[in-house]
Amino acid sequence: MPNRLQEEPMSESLHGRMEQRLGERERDSALRDVQYPGALIDLSSNDYLGLSASAQLSTAVAEQAAAIRASGAGASRLLGGNYPMLSHLEDHAAAFHRAEAALFFSSGYAAQSGLIATLAKRGDTLLYDELVHASAHEGMRLSSAKCYPFAHNDLHCLRERAKDCSGQVFVLIESIYSMDGDLAPLHEIADICSEFGWNLLVDEAHAGGLAGHQGEGRVAELGLEEQVFARLITYGKAFGAAGGMVLGSALLRRYLINYCRPLIYSTGPLPLQVLMIREAYDLMAKASEERARVRELRRLLLRDLPRQFGAHGSTETDSPSAIVPIHCPGNEAVLALSAKLAQRGFDVKAVRSPSVPAGAERLRCCLHAFNTPAEISRFIGALKEEVRPSSMV
C-alpha cells in the first residue's frame, strides 16, 4: 500500500509562509517596523495637547504616587484586580462626559472590539461607515452579526441599508475620523438611528480632549448623549496616557462586566496609569487655550497649503480635528516624501496601503498645542521645495 505522506507534497513551512508574506509587503513598499521618533518636530503623534510630556502632569502624578500601595492590580477586575481609585476614575469619566456610567478597558482597541463583539449577536445587523477604525472591524469579525458598510458620511447610503437589517441594528461611526480628520454628521446620523430604532455607537478617540468646552467630546458638545447608545473615549491621544473607556448606561456597564471577554479575562490597569488619567482630566478641563491653539494651527496650515498638494478630508478651518491629511498617492512616493521631510527636521508619517486603499496614500499630519506657527510655515515651505506640483494629483 503506497505511503500517502510520501505521495502528497509537503505543505510550506511556517517560516517560509511568514517570509513570503513579509516579502510581499516589502515589494509593495508596505513593510512596517517600529521606530524611534528622534529629535524631530512632531507632526505625527496623537499627543494633541502635549500631556504625555507635561511637567505639570508629571508633577501632579509624582506628588500622589507615594500613596499608592501596589504597583500592579494583581488580577483581573473580577478576581481582585479592582480598587477604589479605578472606580472613582470611572465615576469621574461618566460625569465629565455626561454619561450615566463608564467602564475602563486596558486599551481603546480592546474597548471598541470588545463592545461590538459582546453586543452584536447572530441575527443582528452591523452598519458601519467604510472608514471606521480597525478595532471596529475586529469587533465585527468576532461577532456573529451581519455586517454592511455604507459610504463615508453618506446619509442616503445609510438609509438605503435599512432594507438589509434584521434583529438589533448597530451603527458604527467615528465622531472625528482618524485618517481624513473629518467630522461625522452626528446630528443627522443620530436622527436616522432614532427614526429606525437603531443603536448608535460612536468612537470619540480623536475628539476626546479636543471637542467641547472642556474636551468632553463631540457627542456631549452637541447634546446627543441620549441618542447615542454607547461612546468610546481613548486615553492614548489627547489625554497623553493609555487605555479606553466605554460610556453608556448602567445596564450596559453591568452587561459588559458579565459578558465582555476582553474585560473579564484581562488584568486590571496599573494604579499609576489610573492616577495619570485622573490627573489628565483635571488638566484637560483647563486646556481651553491649548485647544484653541490646535485650531489656529489647523487654520494656518489649511490656509497656506497650496491646492496642488491635494489636502483631502476635512477642510473646515474651525474644526476641532487635529488631523490634516496630505494626499500623495503611491507607497513609494509617500515614503520618499516622509523621508525627505525627516531630513528637514519634521516627523510626519506616511500612511500606506493597505492601511488605506491603494491610491489614497497620504501624509497624516497631526497638529499639537506645542507646535508653533513658525514650524507650520517651515513645514509648508519644505513641502513646496520637496514636491513638484505636477507630482501631486
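A residue is taken as buried when its relative accessible area is under 20%, as exposed when that area is over 50%, and as partly exposed in between. In this predicted model, D304 has a relative accessible area of 31% and is therefore partly exposed. The residue belongs to helix α13, which covers residues 288-304. Apart from its neighbours within four places in sequence, D304 is in contact with I380 and K384, and its side chain is joined to that of R303 by a polar contact of 2.9 Å. Between D304 and H133, which are 171 residues apart in sequence, the C-alpha to C-alpha distance is 30 Å.

The protein as a whole contains 15 helices and 12 strands. Its radius of gyration is 23 Å, close to the 21 Å that the globule rule gives for 393 residues, so the protein is as compact as a globular protein of that length. Taken along the principal axes, the box filled by the C-alpha atoms is roughly 80 × 55 × 50 Å. Of the 393 residues, 50% count as buried, and among contacts between residues at least 6 apart in sequence, 72% join residues that are at least 24 apart.

In soluble globular proteins, nonpolar side chains tend to be buried together. The largest nonpolar core of the present model has 59 residues, and those with the most contacts inside it are L43, L49, Y235, L301, L341, L367 and F379. Helix α12, comprising residues 271-285, gives the most to this core, with seven residues. When neighbours within four places in sequence are left aside, L301 is in contact with V324, C365, L367, I376, F379 and I380.

Side chains of opposite charge can pair when their charged atoms come close. The count of salt bridges in the model comes to 14. One of the salt bridges is formed by R98 and E225, whose closest N and O atoms are 2.8 Å apart. This pair links distant parts of the chain, with R98 in the loop between α4 and β2 and E225 in the loop between α9 and β7, 127 residues apart. R98 counts as partly exposed because its relative accessibility is 41%, whereas E225, at 17%, counts as buried.

A further salt bridge joins the side chains of R159 and E195, with an N to O distance of 2.6 Å. Here too the pair links distant parts of the chain, R159 lying in helix α7 and E195 in helix α8, 36 residues apart; R159 is partly exposed, with a relative accessible area of 36%. Within helix α13, E296 and R299 lie three residues apart, about one turn of the helix, and form a salt bridge in which the closest N and O atoms are 2.6 Å apart. E296 is partly exposed at 34% relative accessible area, as R299 is at 30%.

E204, found in the loop between β6 and α9, is buried yet has no salt bridge, the nearest side chain of opposite charge being that of R231, 4.7 Å away. The side chain of E204 does make a polar contact of 2.7 Å with the side chain of S175. Not counting residues up to four places away in sequence, E204 touches S175, E216, G217, R218, V219, R231, L232 and I233.

Definitions and conventions. Residues are numbered from 1 along each chain as its sequence is written. This is a predicted model: local features need pLDDT of at least 70, side-chain atom pairs count only at pLDDT 80 or more; totals for chains, interfaces and linings use all residues. Side-chain values use heavy atoms; hydrogens and water are left out. Helices (H or I, at least four residues) and strands (E, at least two) are DSSP runs, numbered from the N terminus. Buried means under 20% relative accessible area, exposed over 50%, partly exposed in between (1.4 Å probe, protein chains only). Lys and Arg count as positive and Asp and Glu as negative; His and the chain ends are not counted. A salt bridge is a side-chain nitrogen of Lys or Arg within 4 Å of a carboxyl oxygen of Asp or Glu. A polar contact is a pair of N or O atoms within 3.5 Å; within protein, one must be able to donate a hydrogen and the other to accept it, and residues adjacent in sequence count only if both atoms are side-chain atoms. Contact means heavy atoms within 4.5 Å. A nonpolar core is a set of buried Ala, Val, Leu, Ile, Met, Phe, Trp, Tyr and Cys residues joined through side-chain atoms within 4.5 Å. The radius of gyration is taken over C-alpha atoms; the globule rule is 2.2 Å times the number of residues to the power 0.38.
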